[in-house]
Amino acid sequence: MTNAPSPFVRAALDAAAGIPATGIAWLDAARRENLDSFAADGLPEGRSEAWKYTPLRALAQRALALADRGAAGALAVDATRIALPGVDGDRVVFVDGTYRADLSTATTAGVTLLPLAGALAQNPEPLRFALANRYRHGAADAFAHLNAALAVDGLVLRVDDGVEIARPVHVVHVSSGGQADTAWHVRLLLDIGKAASVDVVEHYVTLGDAAQLGTVVTDISVREHGRLGLVVLQDASTATTLVRRTHARLDADATATVHVLELGGALVRHELQADVNGDRARFDSRGVFALSGRQHIDTQLEVRHQARDTASEALWRGIADGRSRGVFRGAIVVAEGADGTDASLSNKNLLLSGQAEIDTKPELEIYADEVKAAHGATIGQLDERSLFYLRSRGIPLSQARSLLTLAFCRAALESLPNEALREHLGDLLVANLPTGPAAD
Amino acid sequence: MHMLKIDNLHARVEGKEILKGLSLTVKPGEVHAIMGPNGAGKSTLGNVLAGRDGYEVTAGSVDFAGRDLLALEPEERAAVGVFLAFQYPVEIPGVNNTYFLRAALNAQRKFRGEEELDSMRFLKLVREKLKVMQISDELLHRAVNEGFSGGEKKRNEIFQMAVLEPKLAILDETDSGLDIDALKQVAEGVNALRSPDRSFVIVTHYQRLLDYIEPDFVHVLAGGRIVESGDKDLALKLEEQGYAWLAEKHPELRKADLTGVPA
């Protein structure tokens with residue numbers, strides 16, 4: 001069955017036609033083939049299991065042009081708008097997907113921070129493995145295809161073997177919110193060397209009110225004994241659509257710890273995938289998604305244990321108010337031979353209104369012996385006894401609700417070692433919490 | 001002038017009438033003990049006065065220092081000076097005890113139009129009150145009541161009372177589940193807070209707490225009403241003779257009202 005391409009697909013094909021070839025044969029071929037896949041498969045529909053709870057019918061009707069790179073390159077960005085407490089290392093800024101050299105720094109010894117175009121000009125070969133990916137899952141990979149075809153800008157971050165970076169690197173994605181009905185696409189490649197250590201803060205902000213789409217595909221590689229601490233703060237406007245895929249590959253004895261705070265966005269999808277490939281490697285993820293109004297935020301976590309004595313812990317909290325909808329799928333796959341795996345997954349959710357909805361789905365697939373795996377998911381409401389206890393001491397209802405909601409999320413954020421940043425995330429969360437009486 | 005005047009109070013819980021015409025007047029500085037068999041409505045009284053959801057007042061009035069207490073939200077009742085020490089203090093993981101108490105005190109002060117306390121002044125206040133209650137400051141760093149022993153929870157209630165300095169404190173079976181040492185500590189805390197401006201309503205099932213907190217008045221709550229009032233000797237008589245003797249004086253009471261066993 002072949003349908004006419006949707007306005008969304010047609011606009012993407014038009015946008016691709018305007019992108020010049022790089023002259024790197026394998027890269028141009030990959031872009032072309034990914035675009036062909038995107039054109040052939042279109043956006044995923046409801047019958048796709050991976051997108052079952054995140055309908056894209058409205059998005060499919062939107063014809064989004066590429067955000068204008070000239071305007072994005074010239075837009076004034078107030079530095080105080082993007083500064084974060086406790087994040088004082090090098091900074092890389094994209095505005096509507098365009099790398100902004102004037103707002104970015106690269107001063108730390110042992111770290112390479114290059115815009116994608118610059119890295120390709122220097123030596124494309126090390127990027128080939130990631131950038132030549134064809135993504136084989138049809139429509140379920142639609143945004144990966146789209147990003148591969150249209151992301152001309154991006155970042156290559158490399159930490160040399162044995163280098164430990166103390167100050168967190170700040171990667172900022174600014175949506176101008178000034179170019180209505182446009183899309184931008186960014187590709188990130190993080191390569192953490194052997195026994196190297198770095199913290200990266202991925203930060204999403206919006207300046208104006210116009211509706212935009214952003215896609216970000218991130219490939220992470222952590223080599224033997226390497227360590228990555230990744231914090232994702234998504235504080236985009238509620239007019240923004242964001243589709244992100246973060247894929248991490250961990251070699252032996254490597255560790256990656258991800259903390260995610262999803263606050264903004266109209267429609268947000270985050271696919272967080274880890275291949276724990278090396279013995280004794282560890283991948284931990286902790287996150288909070290807090291929704292209100294008509295927001296829709298979908299987190300798809302998949303951790304694949306492929307080696308012996310690996311570990312993963314996933315601890316996620318969701319809060320939904322108003323008429324919002326949260327989606328969480330957490331899958332742990334333990335491959336044959338990955339004996340000694342220790343994996344756990346917890347997703348607890350709080351519904352603050354009668355019209356809000358949360359769909360949570362923990363999955364375990366185990367093909368190995370001698371595995372410790374635990375998972376659980378709950379959906380509940382604020383405890384009336386606790387609310388009354390706080391109020392009986394003089395704390396107003398709205399404040400009592402905020403206090404209990406923050407307490408509910410605390411477990412997911414308290415393990416973040418950067419104290420200043422941790423407190424800031426808590427403050428942002430509180431500022432985003434509903435303060436009115438229960439809307440049910 | 002009275003501090004609390006409860007007049008002909010009727011209240012329902014889950015459609016069942018529990019309080020059936022309760023009247024009680026408390027003057028500043030007085031300590032009233034309310035005793036009674038199980039199911040008499042003792043805990044209901046505390047919950048109604050504190051404004052808990054699910055307790056429906058169907059008739060009667062409660063005047064607190066000239067205000068209609070029943071018209072106020074729970075947090076407003078706290079701010080005007082009513083404090084309920086819970087029979088079962090709630091554990092609230094993730095909310096720090098000190099943070100909670102400061103938020104509570106400052107919310108009350110704000111409501112009353114008083115200046116909020118900064119953390120320095122608050123800590124100074126807390127240290128003074130800790131001495132009174134003999135509470136280790138380690139408890140302050142933990143989440144509210146989380147992992148506290150039964151005695152620690154009850155002492156924490158009295159400690160909160162010491163910090164919040166209410167005009168009227170209602171102790172809902174604060175003695176239940178306490179061993180004799182914990183009971184003494186709680187009683188000492190309460191006695192340290194007695195003052196000519198502060199009144200107490202002590203709801204208890206047993207006389208033994210009254211050995212340590214001497215009440216001005218003792219009332220028997222049965223069948224949803226105060227049926228007998230006296231001084232501390234009444235408590236001793238109840239301890240010796242139970243409640244059955246009240247049946248002769250109050251033929252309207254059913255047997256179940258005095259035994260606590262449903263008919």
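Predicted model: local features only at pLDDT ≥ 70, side-chain atom pairs only at ≥ 80, totals over all residues.

1. Strand β8 (residues 197-206) of chain A and strand β10 (residues 227-235) of chain A are parallel partners, with nine bridges between them. On the other pairing, β10(A) runs parallel to strand β12 (residues 255-262) of chain A, and eight bridges join the two.

2. Over in chain B, have a look at helix α4 (residues 119-133) and helix α5 (residues 150-164), whose axes come within 9 Å and cross at roughly 135°. Because angles over 145 degrees would count as roughly antiparallel and 65 to 115 as roughly perpendicular, α4(B) is oblique to α5(B). The crossing of α4(B) past α5(B) is right-handed.

3. Which residues make that helix contact? From α4(B) they are B:L125, B:V126, B:K129, B:V132 and B:M133, and from α5(B) they are B:R155, B:I158, B:F159, B:A162 and B:V163. By class, eight are nonpolar and two charged, with no polar residue.

4. Finally, the contact between the chains: chain A gives 17 residues and chain B gives 20 residues. On the side of chain A that touches chain B, the elements giving two or more residues are α9 (384-392) and α10 (397-413) of chain A. The largest share, seven residues, comes from α9(A). That side of chain A has eight nonpolar, four polar and five charged residues.

Key
Residues numbered from 1 in each chain as written. Chains lettered and ligands numbered in written order. Axes fitted to C-alpha atoms, helices over the stretch in contact; angles between N-to-C directions. Helix = DSSP H or I, 4+ residues; strand = E, 2+ residues; numbered from the N terminus. Parallel < 35°, antiparallel > 145°, perpendicular 65-115°, else oblique. Left-handed = near helix turned anticlockwise from the far one by under 90°. Contact = placed C-beta atoms within 7 Å. Nonpolar A, V, L, I, M, F, W, Y, C, P; charged D, E, K, R; others polar. Pairing = 2+ DSSP bridges.
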